[in-house]
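Please consult the sequence and the structure shown here while reading.

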Amino acid sequence: MPETFKNYVAGQWIDCRSRKTFDHVNPANNGEIVGRFQASGAEDVHAACDAAERAWPQWAQVPAPKRGEYLFKAADLLEQRLAKLAEDMTREEGKTLPESKAEVKRAISIFRYYAGEGARMFSYQIPSERESVFAYTLRKPLGVFGLVTPWNFPSAIPAWQLAPALVAGDTVVLKPASQAPLSAWRLVEALHEAGIPAGVLNLVTGSGTTAGNALADHPAVRGISFTGSNTVGNKLYDKLAAKRLRIQLEMGGKNPTIVLKDADIDNAVEILVNGAFFSTGQKCTSCSRAIIEQPIYDKLMEKLIARTRKLRVGNGMEAGVDVGPAVSEHQLETDLKYIELARKEGAELVCGGRRITGGQYDKGYFVEPTIFTGVKPEMRIAQEEVFGPVLAVLVADSFAEAMQVANKAKFGLSASIVTRDLSRAHEFINTIEAGLIVVNLPTAGVEYQLPFGGTKASSFGQREQGPTALDFYTETRTVYMRY
Ligand code: NAP
């Protein structure tokens with residue numbers, strides 16, 4: 001009998017009103033149910049928003065350093081449970097155990113970082129132009145925030161949304177992805193055990209179209225932080241913009257890595273393999289376009305294909321596995337659909353390209369790390385997000401052409417360059433259309449203490465993570481005081 005996980009509303013673990021549940025299945029082993037979760041409806045979400053609204057006035061009065069103490073305590077609890085939480089994550093999302101461990105550690109660091117922000121919360125003291133006037137700004141919390149998160153970073157993303165919101169003095173209702181709700185549930189469990197006051201933090205599981213959407217309708221909600229697909233994010237934007245509420249959107253990417261002719265080829269290969277295939281290419285910051293300068297193309301491709309063929313695909317719980325499964329049957333079908341589409345568009349399949357079957361593989365959604373060459377910038381495989389282990393390789397005759405190709409995309413989340421030429425690196429930094437700009441490292445791999453977010457169709461609104469995350473969850477008040 002699988003374990004049942006309840007909603008967390010007003011400090012209580014409760015069933016949803018309809019008492020309906022849904023099962024989440026391990027993507028590496030469809031015989032294993034990871035957990036049974038509440039299939040909540042709009043009425044459950046609204047009850048959670050009511051609880052958050054009731055809790056807010058008192059929570060907003062708690063000194064920010066004291067609000068941070070709940071996060072410090074929860075971080076300690078998470079650290080004690082690190083091994084178990086990493087296993088939960090691998091079973092629910094499929095990423096490898098080392099990847100899961102690193103993500104849980106990151107969620108812990110995020111909690112500690114924002115716990116510390118409670119004691120900083122910097123604002124400004126600015127000189128007045130009038131005599132004997134003392135002028136400064138304050139940060140004020142706004143009220144109830146809805147948090148809607150995706151499955152691919154099931155612990156880090158809920159952590160980086162809820163920690164700044166809580167420390168800022170807002171109360172929250174979290175709706176995690178149905179494909180990976182357990183890791184978010186574990187964060188909430190730790191905060192509950194740390195003694196966070198009832199109603200300050202609420203968690204409701206259930207489908208996005210019902211539960212997620214209902215967050216946007218509750219009159220107490222002052223803003224939503226959303227990470228996920230462009231389709232859903234843009235719908236939420238339309239709803240919230242009409243009500244002049246705050247919204248922050250982190251969405252898709254088609255992140256390029258440019259490799260210039262002076263690059264260290266072995267280093268470039270590692271950067272490409274890491275960016276394109278680790279976490280099964282299911283990071284919003286994964287590299288899905290490699291743009292190679294012509295003179296090193298043949299040598300680099302030979303090494304890249306050989307290195308990619310050595311990657312071991314399998315159940316992420318097994319030692320030595322490099323690449324786990326696609327998160328779901330639906331995502332597997334998307335990966336295979338794009339592989340087929342790229343072939344039809346005339347790209348050349350030089351590595352992978354198939355679903356892996358036979359034995360244990362039949363129980364999961366495994367796809368070979370895949371590389372296409374001969375890709376043209378206007379092809380759909382060069383323009384649309386696959387969100388799987390599929391790399392499109394393009395060739396450029398010059399740095400200028402590589403930059404043109406890199407910027408020819410509607411997305412602008414992350415981008416990297418591999419070069420030893422400092423001038424080129426600076427030109428890249430100045431002209432690339434991306435929110436996360438990376439030199440001699442993979443497109444993926446961001447740190448919690450720096451701002452995170454994209455440009456163009458990838459993102460909308462204020463930055464997440466780092467000190468700037470507090471801007472979304474607070475309002476600036478300006479004080480003039482004559483003395
Ligand atoms: P998704 O389908 O948009 O789902 C994201 C969240 O929205 C889930 O909790 C989902 O609930 C919920 N949702 C679905 N329909 C909704 C609606 N009508 N109203 C309100 N909420 C709704 O995205 P995903 O498949 O989980 O994640 C993959 C996408 O996320 C990719 O495009 C990836 O690039 C993007 N992503 C971006 C970043 C970034 O920082 N830029 C980071 C990670 C992922 P259900 O799960 O119940 O459907």
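## Terms and basis

A residue is called buried when its relative accessible area is under 20%, exposed when it is over 50%, and partly exposed in between, with a 1.4 Å probe and protein chains only. The model is predicted, so local features need pLDDT of at least 70 and side-chain atom pairs count only at pLDDT 80 or more, while totals for chains, interfaces and linings use all residues. Residues are numbered from 1 along each chain as its sequence is written, and side-chain values use heavy atoms, with hydrogens and water left out.

## Domains

The chain is divided into domain 1 (4-251 + 458-482) and domain 2 (255-439), with bounds that come from an automatic or database domain assignment. Between the C-alpha centres of domain 1 and domain 2 the distance is 31 Å. To their contact (heavy atoms within 4.5 Å), domain 1 contributes 23 residues and domain 2 contributes 28 residues.

## The largest pocket

Rolling a probe the size of a water molecule over the atoms shows where empty space is left. The search uses a 1 Å grid over the protein atoms alone: a cavity is a set of points where a 1.4 Å probe fits but cannot get out, whereas a pocket is an open set with protein on both sides within 12 Å along at least five of seven lines; lining residues have an atom within 4 Å of a point. Grid points are joined across faces, edges and corners, and a volume is the space filled by probe spheres set on the points.

The largest pocket has a volume of about 1200 Å³. Its lining consists of 41 residues, and Trp151, Phe226, Gly228, Ser229 and Val232 lie nearest its centre. Two or more lining residues come from each of helix H7 (208-215), strand S11 (221-227), helix H8 (230-242) and helix H11 (329-345); these elements are DSSP runs numbered from the N terminus, with helices (H or I) of at least four residues and strands (E) of at least two. H8 gives the most, with six residues. Because domain 1 (4-251 + 458-482) and domain 2 (255-439) both supply lining residues, the largest pocket lies between them. The lining comprises 15 nonpolar, 18 polar and eight charged residues, where Ala, Val, Leu, Ile, Met, Phe, Trp, Tyr, Cys and Pro count as nonpolar, Asp, Glu, Lys and Arg as charged, and the others, Gly among them, as polar.

## Enclosed cavities

Three cavities of 30 Å³ or more are found in the whole structure. The largest cavity has a volume of about 80 Å³. It is lined by 13 residues, with Gly281, Ser286, Ser288, Glu385 and Phe387 nearest its centre. By class, this lining has five nonpolar, six polar and two charged residues.

## Cysteines

A disulfide is a covalent bond between the sulfur atoms of two cysteines. Here a disulfide is counted when a pair of cysteine sulfur atoms lies within 2.5 Å, and the count comes to zero. For Cys49, the closest cysteine sulfur is in Cys16, at 15 Å, too far for a bond. Cys49 is buried, at 0% relative accessible area, and Cys284 is also buried, at 12%.

## Selected residues

Thr149 is in the loop between strand S8 (144-148) and helix H5 (156-168). Its relative accessibility is 5%, so Thr149 counts as buried. Beyond four places in sequence, its contacts include Ile157, Gln161, Lys175 and Thr227. Thr373, in strand S16 (residues 370-373), is buried with a relative accessible area of 6%. Among its contacts, with neighbours within four places in sequence left aside, are Tyr297, Met301 and Val393.

Val479 belongs to strand S23 (residues 474-482). Val479 and Phe134 are 345 residues apart in sequence, yet their C-alpha atoms are 8.0 Å apart in space. Ile429, by contrast, is in helix H14 (residues 422-431) and is partly exposed at 35% relative accessibility.

## Positive phi angles

Most residues other than glycine have a negative phi, and most peptide bonds are trans. Ser279, not a glycine, has a positive phi of about 55°. Ser279 is in the loop between helix H9 (265-277) and strand S14 (287-293) and is buried, at 7% relative accessible area. Gln465 also has a positive phi, near 60°. Gln465 is in the loop between strand S22 (459-460) and helix H15 (469-473) and is buried, at 0% relative accessible area.
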